[in-house]
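The sequence and structure come first.

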Amino acid sequence: MNYCVFVHAHGKELDQLRGQAYRVSRDAKISWYAEPRVSGTAFCFENADVRTRFCAICANENVAYTTEQPVH
């Protein structure tokens, strides 16, 4: 999974983002995972469209995020 979003969130806010990541991935029928990184928490998805939807959720929730370009 090469389409990652890095967020700076903790506690309840991070739990809510995990729930949102689950929902957008389930709706698109793709896999995802979240893991801690030095720069925050990485939410990684199988395709760019779902990453874009997740970024929109972060923006609506006023959560700071950055994206990572896929490695081929």
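## Surface, fold and core

The accessible surface of the chain is about 4,500 Å², and carbon and sulfur atoms hold 48% of that area; areas follow the Shrake-Rupley method with a 1.4 Å probe, and for residues only the protein chains shown count as cover. The model is predicted: local features need pLDDT of at least 70, side-chain atom pairs count only at pLDDT 80 or more, and totals for chains, interfaces and linings use all residues. Residues are numbered from 1 along each chain as its sequence is written, and side-chain values use heavy atoms, with hydrogens and water left out.

The chain has two helices and four strands, in the order β-α-β-β-α-β along the sequence. Helices (H or I, at least four residues) and strands (E, at least two) are DSSP runs, numbered from the N terminus.

Of the 72 residues, 35% are buried, meaning under 20% relative accessible area (1.4 Å probe, protein chains only). The largest nonpolar core has 16 residues, and Val 7, Leu 17, Phe 43, Phe 45 and Phe 54 touch the most other members. Such a core is a set of buried Ala, Val, Leu, Ile, Met, Phe, Trp, Tyr and Cys residues joined through side-chain atoms within 4.5 Å.

Helix 2 gives the largest share, five residues.

Note on methods:
Buried means under 20% relative accessible area, exposed over 50%, partly exposed in between (1.4 Å probe, protein chains only).
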